[in-house]
Amino acid sequence: MVDLDARAERLDDYLAARGLEAVWFARPNGFAWLTGGSNVVDADADLGVAAAGYDGEFRVVTDNIEAARLADEELPARVAVEEFPWYASSLSAAVADASPAPAAADFPVDGFESVDATRLRQPLTPEDVERYRELGNEVAAALETVGRNLDPDDPEYEVAAGVDISLASRDVRTPVVLVGGAERATSYRHYTPTDDRLGDYALVSVTAERGGLYASLTRTVAFDAPDWLEERHRAAARIEATALAATQAAAAGDLTDGDGPDTAGDVFDRVRSAYDAVGWEGEWKNHHQGGAAGYAGREWIATPDADDEVFAPMGYAWNPTVQGAKSEDTHVIADDRIELLTKTGRWPTHTVESVAVDGVPACELELHAPVVK
């Protein structure tokens, strides 16, 4: 379960700073962040079936269809559940009726301000990090089990189905599953699975969610590895190591000499320089590089002009690509460590050095290497 006291402290500061009496979350990741539970029934819906609020106390508003189940199976006892007849009101109207004012919400409610939930979710609490470790290990175990059993003749969509099943058996949802065989992984950065066979090698990429937390990773499996695969994968891995080292420096305020906090854009500048240094100038233009992770697949994505503040402890999933190669895992970055979360210890790693770019301290990390079958 989440640390409700830590949530209350953060939200008390938020309400006081804005002169508000309450704040509400009906988007699934906001609801999960506040309560540790799920308000999802229809996975295609932008909003869940309940809104979680804080006004000095923790409250959930939902209809009479969902109230008992949420109280029994999804929510801490400290969270009060208030119900309305399913036929009598909308969730938005019910929250407006139940809430003190002024208030904010992460979904449209008449008269309410909008809340930037992404900022409230950063940094992670110790309890968040512990749950993140468990998720990272399970996601890696599921993906690596599938990866070690691949065959060159496997169709991409069958591999994706295997990943879905393996993760579903661990109560993990998979909003993103990408499988690219040799032909398509060299042609596309988002290799959505088709009936093509894997061929000489494959990239399998996943973003997986449980309890509102998201972990992303990619594994490379080679059957008859192209001559260039090792060089390109190592180049991508060195860029990932540089991004991680730059992120840690930015979170400490050591990346730049500016007066304000270091930003995602500052980290991006070092990522771009790393591409140049490893001989792949401009390659970053072909795919986003990743960014902060936690209660979203990416809380923010680094771009040249991104002004998002960089926090620690926080999850980060950097995913540099180099023409058919990709290096991606989810890490927690704290002041004293860069911790690989998506690991089992049963997939090969290699020692990777960060690239010497402005403001980034020298760093050696163990990152995942391709499996050669």
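Trp24 has Gly53 of E2 as its bridge partner. The model is a predicted one, in which local features need pLDDT of at least 70, side-chain atom pairs count only at pLDDT 80 or more, and totals for chains, interfaces and linings use all residues. Residues are numbered from 1 along each chain as its sequence is written, and side-chain values use heavy atoms, with hydrogens and water left out.

Strand E1 (residues 22–25) pairs with E2 in the antiparallel sense over three bridges; pairing requires that DSSP finds at least two bridges between two strands. Strands (E, at least two residues) are DSSP runs numbered from the N terminus. E2 also pairs with strand E3 (residues 58–63), in the antiparallel sense and over five bridges. In E3, Phe58 stands opposite Tyr54. The hairpin of E2 and E3 has three residues between the strands, and Gly56 takes a positive phi near 105° there.

In a regular strand, side chains alternate between the two faces of the sheet. In E2, Ala50, Ala52 and Tyr54 lie on one side and Ala51 and Gly53 on the other, and all are buried. Buried means under 20% relative accessible area, with a 1.4 Å probe and protein chains only. Because five of the five residues of E2 (residues 50–54) are buried, the strand is largely enclosed by the rest of the structure.

Thr342 sits in the loop between strand E16 (337–340) and strand E17 (349–353). Its relative accessible area is 0%, so Thr342 is buried. The side chains of Thr342 and Asp329 are joined by a polar contact of 2.6 Å, that is, a pair of N or O atoms within 3.5 Å, where within protein one must be able to donate a hydrogen and the other to accept it, and residues adjacent in sequence count only if both atoms are side-chain atoms. Beyond its neighbours within four places in sequence, Thr342 has contacts (heavy atoms within 4.5 Å) that include Gly136, Leu217, Arg219 and His368.

A search of the whole structure finds two cavities of 30 Å³ or more. A cavity is a set of points, on a 1 Å grid over the protein atoms alone, where a 1.4 Å probe fits but cannot get out; lining residues have an atom within 4 Å of a point. The largest cavity holds about 50 Å³ of space, and its lining includes Arg219, Asp329 and His368. Strand E9 (residues 213–222) gives the largest share of this lining, three residues. The second largest cavity has a volume of about 40 Å³; among its lining residues are Tyr188, Leu203 and Lys326.

Methods:
1 Å grid on protein atoms, 1.4 Å probe; cavity = no way out; pocket = protein on both sides within 12 Å on 5 of 7 lines; lining within 4 Å. Points joined across faces, edges and corners; volume = space filled by probe spheres on them. Helix = DSSP H or I, 4+ residues; strand = E, 2+ residues; numbered from the N terminus. Buried < 20%, exposed > 50% of the residue type's maximum accessible area, 1.4 Å probe, protein only.
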